[in-house]
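Here are my comments on the model you sent. Please read them with the coordinates open.

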Amino acid sequence: MKIPSSIWTLLIGIVLTLASLWYGQNHGLLPTAASDEAVLVDGLFNTMMIVSTGIFLLVEGILIYAAVKYRRRAGDNEDGPAIEGNVPLEILWTAIPAIIVLGISVYSFDVYNEIGGFDPHAVHAAPETPMMQESMSMPGTAIAATLSDTPPSTEPNLIAQVDNVTPQQGEKPSQLVINVSALQYAWIFTYPDTGVTTGELHVPVGQQVEMNMTANDVIHAFWVPEFRLKQDVIPGRQSEIRFTPNKVGEYTLICAELCGPYHGAMKTQVVVESQEAYDTWMQEQLVASKETLNQAVAVNSTDLSADEFLAPYTKDMGIHSEMLHQVHHESMVR
């Protein structure tokens with residue numbers, strides 16, 4: 001009994017569809033999803049994997065079938081049949097890819113919009129520092145900012161600008177706002193509510209986090225693979241990204257934009273923890289910053305002269321008391 005070609009086509013189509021659906025959902029190519037936004041991105045990626053797997057199996061299957069069925073036999077020295085074209089077939093293989101590309105484009109647009117990509121408050125103008133102006137005026141050069149340069153995202157006027165932004169109607173304000181400054185080759189995080197500045201990002205699980213980011217020197221990129229989020233950080237501009245972590249753990253924050261010879265070392269940790277652990281960490285940072293400040297400030301708590309009080313410090317610096325006394329005297333005279 002000969003099976004009609006239409007039945008074979010239907011069976012092959014069913015097998016290809018089932019295989020594509022299975023692999024598209026079980027490819028195992030993505031890391032752990034650790035944010036609410038990751039679900040949307042994973043759905044888009046899985047859809048693209050389903051479509052690409054089906055196309056790959058179909059094209060490769062036809063190639064293998066044609067190579068086996070129409071291979072050259074022994075003793076066959078004749079030319080193949082002259083086939084000039086098949087208009088319906090050409091329309092079909094042009095229309096199908098066009099529909100697929102259009103569908104994925106609309107889907108991608110929707111996902112990007114859902115994760116806040118088209119938020120009109122996503123980009124704000126940031127004031128330029130003198131160092132940034134100098135670096136921008138020198139084509140082909142990049143000057144790394146030092147920690148002594150005040151990051152634009154932590155300046156009072158900029159913080160006020162960010163905090164005064166009114167959310168859109170129906171838009172839920174973020175529960176935690178963090179200012180981020182990127183520089184060669186480090187990430188600096190500032191929590192405006194407490195004034196804590198750190199090189200490691202800590203966020204509580206289940207809370208929406210808003211990152212207001214700017215760069216001090218060259219273009220960087222904020223990328224946490226487990227969050228499925230990537231946002232360029234540009235000098236002179238403030239970029240905004242929002243995410244809601246939903247899984248406790250430590251994740252690597254990577255700069256995904258080539259920013260210099262030590263670009264590969266521009267990494268830090270994102271610690272997602274419970275609210276209690278986050279509050280404890282914040283209190284520890286506040287205490288540590290206060291102790292550091294107290295240690296850095298020299299206080300003359302006893303009734304000592306300037307020479308006597310500064311003697312332990314000037315001795316290590318190779319400064320004699322006579323020299324210090326003369327400098328002090330001249331400053332008083334002036």
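The points below go from the overall fold to single residues.

1. Basis. This is a predicted model: local features need pLDDT of at least 70, side-chain atom pairs count only at pLDDT 80 or more, and totals for chains, interfaces and linings use all residues. Residues are numbered from 1 along each chain as its sequence is written, and side-chain values use heavy atoms, with hydrogens and water left out.

2. Overall make-up. The protein chain has 8 helices and 11 strands; helices (H or I, at least four residues) and strands (E, at least two) are DSSP runs, numbered from the N terminus. Of its 334 residues, 30% are buried, where buried means under 20% relative accessible area, exposed over 50%, and partly exposed in between (1.4 Å probe, protein chains only). Among contacts between residues at least 6 apart in sequence, 68% join residues at least 24 apart; contact means heavy atoms within 4.5 Å.

3. Largest pocket. The volume is about 700 Å³. A pocket here is an open set of points on a 1 Å grid over the protein atoms alone, where a 1.4 Å probe fits, with protein on both sides within 12 Å along at least five of seven lines; lining residues have an atom within 4 Å of a point. Grid points are joined across faces, edges and corners, and the volume is the space filled by probe spheres set on the points.

4. Pocket lining. The largest pocket is lined by 22 residues, and Leu-16, Leu-58, Val-59, Ile-62 and Ile-96 lie nearest its centre. Helices H1 (5-25), H2 (36-69) and H3 (87-114) are the elements that each give two or more residues to this lining. H1 gives the most, with 9 residues. By type, the lining has 16 nonpolar residues, 6 polar and no charged; Ala, Val, Leu, Ile, Met, Phe, Trp, Tyr, Cys and Pro count as nonpolar, Asp, Glu, Lys and Arg as charged, and the others, Gly among them, as polar.

5. Nonpolar core. A nonpolar core is a set of buried Ala, Val, Leu, Ile, Met, Phe, Trp, Tyr and Cys residues joined through side-chain atoms within 4.5 Å. The largest one has 33 residues, and those touching the most other members include Trp-187, Leu-201 and Phe-222. Leaving out residues up to four places away in sequence, Leu-201 touches Ile-178, Phe-189, Tyr-191, Met-211, Phe-222, Gln-269, Val-270 and Val-271.

6. Cys-255. This residue is in strand S10 and counts as buried at 1% relative accessibility. Beyond its neighbours within four places in sequence, Cys-255 is in contact with Trp-187, His-220, Ala-221, His-263 and Met-266.

7. Gly-264. The loop between strands S10 (249-255) and S11 (267-273) holds Gly-264, which counts as exposed at 55% relative accessibility. Its C-alpha atom is 8.3 Å from that of Ile-254, 10 residues apart along the chain.

8. Backbone points to check. Most residues other than glycine have a negative phi, and most peptide bonds are trans. Gln-184 and Tyr-185 are joined by a cis peptide bond, with omega about 0 degrees; Tyr-185 is in the loop between strands S2 (176-183) and S3 (186-191). Arg-228 has a positive phi of about 60 degrees and lies in the loop between strands S7 (220-224) and S8 (229-233).

9. Two arginines. Are Arg-228 and Arg-242 buried or exposed? Arg-228 is buried, at 12% relative accessible area, and Arg-242 is buried at 16%. Arg-242 is in strand S9 (residues 237-243), and its side chain makes a polar contact of 2.9 Å with that of Glu-240. A polar contact is a pair of N or O atoms within 3.5 Å; within protein, one must be able to donate a hydrogen and the other to accept it, and residues adjacent in sequence count only if both atoms are side-chain atoms.
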